[in-house]
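These are my notebook entries on a structure that I am reading for the first time. I record below what I looked up, entry by entry.

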Amino acid sequence: MASSSQPAVPEPDAAAKSRTGRTYLSVFNLAILTVVVVASLRSLPTMATYGLGSITLYIIPALLFLVPVSLVAAELATGWNGGVFVWVREAMGVRWGFTAIWLQWIQNVVWFPVQLAFIAASFTFVFVDEKLSGSGLYTAIVIVVLYWVSTALTLRGGNLFAKVGSWGGLIGTIAPGAILIVLGACWLGTGQESQVPLKWGDVVPPFTGFASLVLIVSNFLAYAGMEVNAVHANSMRNPGKGYPKAVFIALFGILGVFMLPTIAVAVAVPKGELGLTTGINLAFKVFFEHWGISWATAVVSAAISLGALASVVTWIAGPSKGVLAAAETGLMPVWLQKRNKAGVQQGILMVQGLIVTALAALFIAIPNVSTAFFTLVDMAAALYLIMYMLMFVSALRLRRTRPDVTRAYRVPAIKWVAGIGFAASAAAFVLGFVPPAGLSGIPPHLYPVLMVVVIILLGIPPLLFYRFRKPGWNRGPRADNHTPTATEG
């Protein structure tokens, strides 16, 4: 999943500088930035269970979700400064703008236990018995300890971990992914047996009912975050032509990062052993033990753990800043707007930590760690998808109600693009309530009930805050002030 915080912009090519001295972001630069921000190894074991069928399961949400999000967000970002809060607010009012930024933040809060559970599983391949990865108590303890240590570091202020965030992505995602591709190629090239069939017909995944489609929902979350990256369209020389090129170059790059390592995992690890949190590490173990360098498993697992942890620490403060900005316009109680001496949003981070701690308890309450993991993924996806539906509706509404606002990039056939994105998001949202195939630890009839309860508990607060807001909460610019784009007069 992509971070909701602003990623660092890579240094543009020297040739991209204009005669006026302004530095522009090239098509290639933006494409690479997009790949780095979006790509993640966390979802690979989930898709590896489908073998070559994972190719189709990656391509479908990429075309129906990633591309529409990228293009629509670019139009909104080049027309209005301020992100999803401002976009939805300008189209639908303060109540729904606040709800949108809240959902963007809260899904990230739900995502933290997912990422930390992945780290906890990787730790077992480094420090302890890997069988411990199946322990819900162990997983919950690691989640709580790592999260609160990371929060304590964040509360100290500064941008130490923001500086190493990109290195975390390189060490924990790109390098292990590249190694997986090489190992998978060597495995097949030396005539080793593949654990999955590798015929062209297997590219179409088997359909065994709606439960088999639920995995697509997790792929929607894997592609999420592009609305944040779209702000860099304004840094291009000609966004109208350059941004779509960057999006489609990035699309092929992201698919390559996702699909090739997934197939490498699938050929080495039997389907029955592909735990959702351990599949990556098991693949490295199989490869390295086969070639007599089993010690390398701990090294790569440590790199994956450190890279994932760096991403968590980097993102703890970022997304909550958007909520704080909205809160200071009078939309949340003063105690939630509290900053510490370092200027860090202490009130929101404390609430964020309490929610993460409560969600970590799911790993204890649900005996099967993989089920708890997948449940949290579905919860995060459902919350985020509501925000995306609000964004698509806002883009269509603003094109009709605010045609005078200059956009450096305008989506061609926006009714079709935003319509497809909205329909895909709505379909994925509904599928999120269907119990996944092989569910254990939760009675199937209770799974949608659990999803509804969590979505209501985590999604309704902004509506309540708005309904019961008080004048004394306002500590900044009024929430209903218009924030024009720089190109407006």
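Which residues in helix 11 are buried? I first noted that this is a predicted model, in which local features need pLDDT of at least 70, side-chain atom pairs count only at pLDDT 80 or more, and totals for chains, interfaces and linings use all residues. Residues are numbered from 1 along each chain as its sequence is written, and side-chain values use heavy atoms, with hydrogens and water left out.

**Entry 1: helix 11.** I found G279, I280, N281, L282, A283, F284, F287 and F288 buried in helix 11. Buried means under 20% relative accessible area, exposed over 50%, and partly exposed in between, with a 1.4 Å probe and protein chains only. Helices (H or I, at least four residues) are DSSP runs, numbered from the N terminus. I then checked the length: the end C-alpha atoms of helix 11 (residues 279-290) are 17 Å apart, which agrees with the 16 Å that its 12 residues should span at 1.5 Å a residue. The expected span is 1.5 Å times one less than the number of residues. Just after helix 11, I noted a positive phi of about 70° at G292.

**Entry 2: helix 12.** I looked up how well this helix is covered, and 24 of its 33 residues are buried. Its 33 residues should span 48 Å at 1.5 Å a residue, and the 50 Å between its end C-alpha atoms agrees. I located a kink of about 35° at W315, shortly before the proline P319. The bend at a residue is the angle between axes fitted to the seven residues ending there and the seven starting there.

Entry 3: I placed E328 in the loop between helix 12 (295-327) and helix 13 (346-360). The side chain of E328 makes a polar contact with the side chain of R339 at 3.2 Å. A polar contact is a pair of N or O atoms within 3.5 Å; within protein, one must be able to donate a hydrogen and the other to accept it, and residues adjacent in sequence count only if both atoms are side-chain atoms. E328 and N474 are 146 residues apart in sequence, yet I read 5.8 Å between their C-alpha atoms.

T329 is also in the loop between helix 12 and helix 13. I list T329 as buried because its relative accessibility is 12%. The side chain of T329 reaches the backbone oxygen of A326 at 2.5 Å.

Note on methods: Helices (H or I, at least four residues) and strands (E, at least two) are DSSP runs, numbered from the N terminus.
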